[in-house]
Amino acid sequence: MARASLAEREKQKVRREKQKAEQKAAERESQKAEEERQWQRRKLLLPTPVAAERLGLTASQFRKLATDLALKPESWYRNPNHLTGPECPLWPPEPIAALVAGPEVTAVLERSRRAKEARALKPEKRRAEFRERYGDWRTALRDAAEAMFSLNRYAKHASCRPEHRDEIYSLKSGLLHLLCEEGMVVEVKHHDQHQAGKSCRACNPDGVEDDGSAGHSSCRRCAGTGWYLPPRIVRYVAFRFVVDGRRFAWHQPSIEVGWEYPQPTESSEWTPEPGGKPTPMPRRRFAEAKDLVGWVIGESRRARSNPPS
Ligand SMILES: [Zn+2]
């Protein structure tokens with residue numbers, strides 16, 4: 001009896017262990033299946049640029065729409081361009097598919113089209129406003145000069161984009177030319193800026209200047225001159241104008257002054273003051289300021305080419 005029950009207990013133990021092992025295997029199996037399911041699902045999720053593209057939107061338009069519609073990302077992935085930055089969302093494909101060509105997307109595209117149109121119309125609207133406000137371009141000269149004063153200062157700031165700077169300098173040229181034509185120059189001087197050279201590092205690695213006889217003759221980098229950038233003198237025309245009772249002073253590289261101007265009263269060495277100076281005008285008015293200077297220049301040219309009979 002005791003022996004039989006012992007054998008029986010032994011058998012039960014084996015059975016229980018077998019059951020346990022089977023249960024564990026089943027758990028492992030279902031865990032693997034779940035991981036596989038998640039992996040397959042993750043492959044279907046859409047990063048923002050892909051989701052946006054499916055809807056014909058830009059990424060920022062999509063992000064705004066997702067916020068407006070309270071769409072929730074299903075998962076996240078690490079930002080590939082910025083390891084310490086925030087993770088990037090992965091969007092479920094179903095709600096995105098449901099939005100394709102839907103009214104929400106159409107509304108976003110329509111808003112964007114109208115905003116673009118309004119931006120394109122703005123310069124035309126501004127020109128109409130200038131005509132209304134000033135009547136004649138000559139009335140606007142002083143305001144245009146004030147606008148250029150701020151723009152010219154801003155162009156020297158490091159934050160000014162190169163294409164913006166080019167645009168400002170081209171307007172500056174046009175305005176200085178016009179002020180000269182209008183006889184508003186009260187003083188002209190030449191200012192010569194001495195710019196130190198940079199010696200060629202290929203043949204003159206310590207940067208010490210020498211007479212050029214030693215190692216330079218064979219240097220192809222500097223064609224044997226020993227200079228990466230030779231020292232030079234840049235000549236500026238320093239204009240002073242009085243426009244409607246207000247004084248303005250501007251420098252323009254003389255090579256860029258392609259128009260007649262009064263004989264300079266003196267030439268002197270000149271060192272520009274370092275550092276950016278504050279611009280009196282707030283940045284949000286720069287676009288209007290450029291339009292005003294452009295309008296004055298354009299109107300004056302039009303008046304010259306069609307003189308009143
Ligand atoms: Zn060299």
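**Helix α6 and its neighbours**

Helix α6 covers residues 141-155, and its 15 residues reach 20 Å from the first C-alpha to the last, close to the 21 Å expected at 1.5 Å a residue (the expected span is 1.5 Å times one less than the number of residues; helices are DSSP runs of H or I with at least four residues, strands are runs of E with at least two, and both are numbered from the N terminus). The model is a predicted one, in which local features need pLDDT of at least 70, side-chain atom pairs count only at pLDDT 80 or more, and totals for chains, interfaces and linings use all residues. Residues are numbered from 1 along each chain as its sequence is written.

The buried residues of α6 include Leu-141, Ala-144, Met-148 and Leu-151 (buried means 20 or more other C-beta atoms within 10 Å, exposed 12 or fewer, and partly exposed in between, with C-beta atoms placed from the backbone). These buried residues of α6 pack against α7, β7, β8 and α8 (contact means C-beta atoms, placed from the backbone, within 7 Å).

The axes of α6 and α8 come within 9 Å and cross at roughly 130° (axes are lines fitted to C-alpha atoms, for helices over the stretch in contact, with angles from 0 to 180 degrees between N-to-C directions). On the α6 side the contact involves Leu-141, Ala-144 and Met-148, among others, and on the α8 side the residues include Phe-286, Leu-292 and Val-296.

Helix α8 spans residues 286-305 and also holds Ala-287. Ala-287 counts as partly exposed because it has 13 C-beta neighbours inside 10 Å. Ala-287 and Val-185 lie 102 residues apart in sequence and 27 Å apart in space, C-alpha to C-alpha.

Terms used:
Two residues are in contact if their C-beta atoms, placed from the backbone, lie within 7 Å.
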